[in-house]
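Welcome! Please take a look at the structure below, and then follow this short tour of its rings, strands and helices.

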Amino acid sequence: MKPIIINDVEVSLVAKDGLVFANSLDVAKVFDKQHKHVMQKIEKFSDRAKANFRPSAYIDTTGRGLPMYEMNRDGFTFLVMGFTGEKAENFKLDFIDGFNALEKEVRTLQNPQTNQIQFLQGMLDA
C-alpha cells in the first residue's frame, strides 16, 4: 500500500483481512510520543475501545522482537483524539475540516434546487 504523510511523517498503512491498519510505532513517530507511552495508553482502554486494536510485534534494530499494536481507522482516530500538542491539534483540525467539507457536500446533494442553480450558473459561465 502506498505510504501516506501525516504531520510530515511517512506512514505505511497495511491492508490485512480486507481492512486497513496503522501501527503504534508509526503513531508514536507522527505525534512525537515515546512508543511505550502509546502502548500504555492503548492498554488502559476499555474492552470496547480495544476491539479496534490487535497485538502484534516488530523486530528492533538489535534483532529483538518487541510488542506493538495494529489499529484500524477507528482505533487510530480514538487514540489520537486524546493526544495534546501542536501535531495533535493539527490532526484534529484537519479531521474537523474533513467533516465540514463532507457535510457541505451532503447539504448540496440534499437540496436539488441548489444543484439546478449551480448547473445553470455553470452553463452561463461557459
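Ring pairs join Phe31, Phe76, Phe83 and Phe91 into a cluster. Rings of Phe, Tyr and Trp (its six-membered ring) pair if their centres lie within 6.5 Å; planes under 30 degrees apart count as stacked, over 60 as edge-to-face and the rest as tilted. This is a predicted model, in which local features need pLDDT of at least 70 and side-chain atom pairs count only at pLDDT 80 or more, while totals for chains, interfaces and linings use all residues. Residues are numbered from 1 along each chain as its sequence is written, and side-chain values use heavy atoms, with hydrogens and water left out.

**Aromatic pairs**

- A pair of aromatic rings is described by the distance of the centres and the angle of the planes.
- A search of the whole structure finds seven aromatic pairs.
- One of them is formed by Phe53 and Tyr69, an edge-to-face pair with 6.4 Å centre to centre and 85° between the planes.
- This pair links distant parts of the chain, 16 residues apart: Phe53 is in strand E5 (residues 53-59) and Tyr69 in strand E6 (residues 65-71).
- Helices (H or I, at least four residues) and strands (E, at least two) are DSSP runs, numbered from the N terminus.
- Are Phe53 and Tyr69 buried or exposed? Phe53 is buried, with a relative accessible area of 9%, and Tyr69 is buried as well, at 14% relative accessibility.
- Here, buried means under 20% relative accessible area, exposed over 50%, and partly exposed in between (1.4 Å probe, protein chains only).
- Phe76 and Phe91 also make an edge-to-face pair, with 5.5 Å centre to centre and 90° between the planes.
- Phe76 lies in helix H4 (residues 73-80) and Phe91 in helix H5 (residues 86-110), so this pair ties together parts that are 15 residues apart in sequence.
- Both Phe76 and Phe91 are buried.

**Charges over rings**

- A charge sits over a ring if NZ of Lys or CZ of Arg is within 6 Å of the ring centre and within 35 degrees of the ring normal.
- Lys33 has its charged end over the ring of Phe83, 4.9 Å from the centre.
- Arg54 lies over the face of Phe21, at 4.1 Å from the ring centre.

**The sheet**

- Four strands form an open sheet in the order E3-E4-E6-E5, with antiparallel pairing.
- Two strands pair if DSSP finds at least two bridges between them.
- Strand E3 (14-16) and E5 are the edge strands, and each pairs on one side only.
- Strand E4 (residues 19-23) pairs with E6 over two bridges, in the antiparallel sense.
- How many bridges join E5 to E6? There are seven, and these strands run antiparallel.
- E5 and E6 form a hairpin with five residues between them, and Gly63 in the turn has a positive phi of about 90°.
- Glu70 in E6 has Asn23 standing opposite, and Arg54 also stands opposite Glu70.

**Helices on the sheet**

- Helix H2 (residues 35-43) lies across E5 and E6, running at about 55° to E6.
- H4 packs on the sheet and touches E4, E5 and E6, while its direction makes about 100° with that of E6.
- Contact means heavy atoms within 4.5 Å; axes are lines fitted to C-alpha atoms, for helices over the stretch in contact, and angles run from 0 to 180 degrees between N-to-C directions.
- The buried residues of H4 are Gly75, Phe76, Thr77, Leu79 and Val80.
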